[in-house]
Number of protein chains: 2
Amino acid sequence: MTTRHRSRNPGSQTALRQSNQQRIISSLVSGGPSTQAEISRNTGLSNATVSNIVKALAERGIVSTAPTTSSGRRALSVSLSGENGAVAVGIDFGRRHVRIVLSGLDYQVIASESVSLPLGHSARVALEAAAVLLDEVLESNRVSPTLVLGIGVGIPGPIDRRTQTVIEGAILPEWVGITHSAIEARLNFPVYIDNDANLGALAEVTWGPHNGTENLVFVKIGSGIGAGLILGGLPFGGNMGVTGEIGHTPVHDHGLLCRCGNRGCLETVASTTVMLELLGRTSPTTIATSDIVRAALAGDHATLRIIDDAGLAVGRSVASIVNLVNPETVVIGGPLAGLGELLLDPIRRGLAVYAVPMLSENTELVMSSLGEEAEALGAVALVLRHAGLHTPIG
Amino acid sequence: MTTRHRSRNPGSQTALRQSNQQRIISSLVSGGPSTQAEISRNTGLSNATVSNIVKALAERGIVSTAPTTSSGRRALSVSLSGENGAVAVGIDFGRRHVRIVLSGLDYQVIASESVSLPLGHSARVALEAAAVLLDEVLESNRVSPTLVLGIGVGIPGPIDRRTQTVIEGAILPEWVGITHSAIEARLNFPVYIDNDANLGALAEVTWGPHNGTENLVFVKIGSGIGAGLILGGLPFGGNMGVTGEIGHTPVHDHGLLCRCGNRGCLETVASTTVMLELLGRTSPTTIATSDIVRAALAGDHATLRIIDDAGLAVGRSVASIVNLVNPETVVIGGPLAGLGELLLDPIRRGLAVYAVPMLSENTELVMSSLGEEAEALGAVALVLRHAGLHTPIG
C-alpha cells in the first residue's frame, strides 16, 4: 500500500537496478558503514551486483569506499557520504510559482528557494524555470549535480498512477497530459511525481509535528481543494492514485457551476479562486490571495464573512472524511494557513455539525505549520522514501 | 494497518500465548506437516513453547501428532487436523435475527443456520439465543466444542477498538456498552468482534467474486447504513475502529431529523426503517423489508419511487467515498440486495452525477452475491485471519 511510482517499464533493467540501489542505500542507512560482503548478506543481492552499484554510487559521490579487513581478508568498507554529500530535491509547481527544496539524506534542509511565474504559463515554461532554478540552487550551495539522488515533483492536479500522467481536473489545465517521462526528460534526473495534496500529507507525517501519525488527512485549500491521505502510516493512493478529490464533491444542491461540469462542488464555495471572485466584485483594485489573509487579519467584514462561509463548507467536507476514515489528525494547508483560527474556527464548527460526535470530538484539527514549503518538503520525502530512507534522522 | 482486536490486556500471558499459537498454526498451514523442531525454526519460538502449545492444540483436536524421525533422531510430526477437524464460527447479530456460520480451517462452509428474534430484544437475549444455536449447530454437525478455534461476532453498530465496546450509534441501542469481555464470557470461546459492515467487506474479499481486491467498499443498506473498508488489501479501522459511518453524513440540508441528532443524514432517506415508514403511510397492513423487495419486483410504483430516491442518495454518498479513496469496487449489501438493478441503477446514476467522472467510470459497482450470509462469513474470516490463515484454500 505504498505510493508506487512505476517506471515506464517496471520490469526493465533500469527499474531493477534502481530497486537494487534502493536496497543498498537503505542497508547503509540502517546498518551504518558495511563491507560489500555485509551489504550482500543484508540485501540478498549477489556480490557482483553490490560491487557494480557501489562503484556507480561512489562515482556519483553518494557513497565513499575505503579498504579494510574483514575476518582477516581484504575488503571494501562502504559508507554514505556525509556533509556536502548526496541530496534529494523537492519541486513544487503552483499556479504562479515554482519552489525548490534541497535536503541531505539526513532530512536536513539545505536550501529552499522559489520564483514567481505568470498566470496561465505553460508546463514547458514551468519546467524550464524549475530547471534553471535547480541549477542555481545546486551551484549556490556547491552541490554537484552528480550528488542528486532524485527529484520529487508536486503538481496541483490528479495523477493517474497507472500511466504516470497528469489527468483532467488539474488546477493547471496546461499540465493535463504531461507525463512522468516528459518531466524526467527535461530535468534529467530520476523523477518521482505526485499530487500536491498527497505530498502535503507526506510532509506533515515526516517533517511536521505529526511525525509518525498513522492516519492523517491534509486538506489543501488553494485555487483548488484537494486532500492527501496517510492511512495506516503510508501514503494512500487507492486504485489509480486519484484520491482525496474532495473539491469536486457537491456541498450545495443548487450551487454554482464548477469547472468540473458539476454543480455546487466544494471548490465553488471555498477555493481561493472563488473567494477572490466574490471579493473582487466590491473591490476597486485587483486582489490576490495574500490580500485575503491581510484583510481578514485587519478585520474586514466582507472578507471575514467569505472565510466563514468557506470554512463551514470545508468543515462539512472534512466531516464526511472523518466519518469515513476516522483519522487521528486533519491538517489544513495552503496559502490561507496564515489565517489561523479565523479559518479553523468555522471548519471546526462544520466538522462538529456534520460528523458523528464521537468522531469529531476525537479528531485533532490543526493548521499546517509547514507554510508554503509543505508540498516541496513532501516531494523531498518522496525521493528519500524511494531511496529506502523512511524516517528523518535526528 | 490490520484490524487489531486487542485483548483486554495486550501484554498479558494470554495474549502472548494466543499470538504464539497463531504463528504455529500459520506455519502449519503454509509449511504443511512439520516436526516440532521445524516449527521452532519457522516461527522463531523456543522448543519448549512450541511443545507446550502443540500439546494444548492436540488436546483440543486442532492438530494431530505422530512419531517420526528427522536426521536420524526421534521427532514428533505435527499436522493440522483435516476433515471433521477444527472449525471457525461466525455469528451475525441483527435487529431480528442471529445467524451462525461454521467453517473448516480450509474456508469450506460446514453449516449456516439462523433464528428469528423479537424486535427490541436485549443483548442478553441475543447472546443467549446465539449460545443455544451454537450448541445445536455444533452438535448436529458432530463438531466437538474443543475443536472451535474461535468465534467472530458481527454487531450492527460502531465498536471502539480501543475499549472493544459497542458505542453510541448502534442500530441496536440495547447493545451500546456491551464489551468484548461480556460476549466472550457468555460464549465461552475466544471471541473477535467487529462491525457488521466491516465484516461484509472482509467477506467480499475473502469468499466473494472480489477475492483479493485491494481496495473495496462494502455498503450495507439495512435498518441503518454503514460502510466497511478494505484498503490496500486489509480491513481498515482508522484511529479508533469507527470507520465507514456514512449513514450519518447529511445528504439533504433541510431533511428529516435523524436518530443521531443531526438532520438530513443518509439514513433519513435510504435506510429500510425510513422506507418502511414512508410506505406504511399508504399501506393498510404492517409491512416488512422483504415486502419492499416483493412489491418492487412486482412493479409497485410507490415502492419503486422510494427505492429510486434511496438509491440516488446512496449513490451520492458512494460518490463521496469514491472521490476520497478511489476503490476498485463498491459492493452493495444488506436485505435489499435482492432488488438487483432496481436499486443498483439509481445508485449508479447518483455516483455518475456526484463523483469525478474519471473515478465513477473506473469504479465497479455491484450487488453482493453473498446474500444474508455476508456478515457471518466475514466473522468466520476474522477468526481465520487471527489464526494466521489469511487466504481461502481452493
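Modeller: Start with pairing: two strands pair if DSSP finds at least two bridges between them. This is a predicted model. An open sheet of five strands in chain A runs in the order S13-S12-S11-S14-S15, and its pairing is mixed.

Biologist: What makes S13 and S15 of chain A the edge strands?

Modeller: Strand S13 (234-235) and strand S15 (364-367) of chain A each pair on one side only.

Biologist: How do you know that S11(A) and S12(A) pair, and in which sense?

Modeller: The cut-off is at least two bridges. Strand S11 (residues 216-221) and strand S12 (residues 225-231) of chain A have six bridges, in the antiparallel sense. One example is Phe218(A), whose bridge partner in S12(A) is Gly228(A).

Biologist: Which strands does H6(A) touch, and at what angle does its direction stand to that of S12(A)?

Modeller: Helix H6 (residues 196-206) of chain A packs on this sheet and touches S11, S12, S13 and strand S14 (329-333) of chain A. Its direction makes about 45° with that of S12(A). H10(A) packs on the sheet too, touching S11, S12 and S14 of chain A. The direction of H10(A) makes about 160° with that of S11(A).

Biologist: Now the three-stranded sheet of chain A. What is its order?

Modeller: The order is S1-S3-S2, an open sheet with antiparallel pairing. Strand S1 (34-35) and S2 of chain A have a single partner strand each, so one side of each is left without a neighbour in the sheet. Helix H3 (residues 47-59) of chain A packs on the sheet and touches S2 and S3 of chain A, its direction making about 130° with that of S2(A).

Biologist: How many bridges join S2(A) and S3(A)?

Modeller: Strand S2 (residues 63-70) and strand S3 (residues 73-80) of chain A pair over eight bridges in the antiparallel sense. Pro67(A) has Leu76(A) as its bridge partner in S3(A). Ser64(A) stands opposite Ser79(A). The hairpin has two residues between the strands, and Ser71(A) takes a positive phi near 50°.

Biologist: Which residue takes a positive phi in the hairpin of S5(B) and S6(B)?

Modeller: Tyr107(B), near 65°, in a hairpin with four residues between the strands. Strand S5 (residues 97-104) and strand S6 (residues 109-116) of chain B pair in the antiparallel sense over seven bridges. Ile100(B) has Glu113(B) as its bridge partner in S6(B).

Biologist: Why is H6(B) called roughly perpendicular to H13(B)?

Modeller: The axes of helix H6 (residues 196-206) and helix H13 (residues 374-386) of chain B cross at roughly 75° and come within 7 Å. The range for the label is 65 to 115 degrees. That makes H6(B) roughly perpendicular to H13(B). Contact residues include Leu199(B) and Leu202(B) of H6(B), and Leu377(B) and Arg385(B) of H13(B). The contact divides into eight nonpolar, three polar and three charged residues.

Biologist: How many cavities are there, and how much space lies in the largest?

Modeller: A cavity is a set of points where a 1.4 Å probe fits but cannot get out. There are six of 30 Å³ or more. Helix H10 (301-325) of chain A and helix H10 (301-325) of chain B each give two or more residues to the lining. The lining divides into eight nonpolar, six polar and two charged residues.

Key:
Residues are numbered from 1 along each chain as its sequence is written. Chains are lettered from A and ligands numbered from 1 in the order in which they are written. This is a predicted model: local features need pLDDT of at least 70, side-chain atom pairs count only at pLDDT 80 or more; totals for chains, interfaces and linings use all residues. Side-chain values use heavy atoms; hydrogens and water are left out. On a 1 Å grid over the protein atoms alone, a cavity is a set of points where a 1.4 Å probe fits but cannot get out, and a pocket is an open set with protein on both sides within 12 Å along at least five of seven lines; lining residues have an atom within 4 Å of a point. Grid points are joined across faces, edges and corners, and a volume is the space filled by probe spheres set on the points. Ala, Val, Leu, Ile, Met, Phe, Trp, Tyr, Cys and Pro count as nonpolar, Asp, Glu, Lys and Arg as charged, and the others, Gly among them, as polar. Axes are lines fitted to C-alpha atoms, for helices over the stretch in contact, and angles run from 0 to 180 degrees between N-to-C directions. Angles under 35 degrees count as roughly parallel, over 145 as roughly antiparallel, 65 to 115 as roughly perpendicular and the rest as oblique. Contact means heavy atoms within 4.5 Å.
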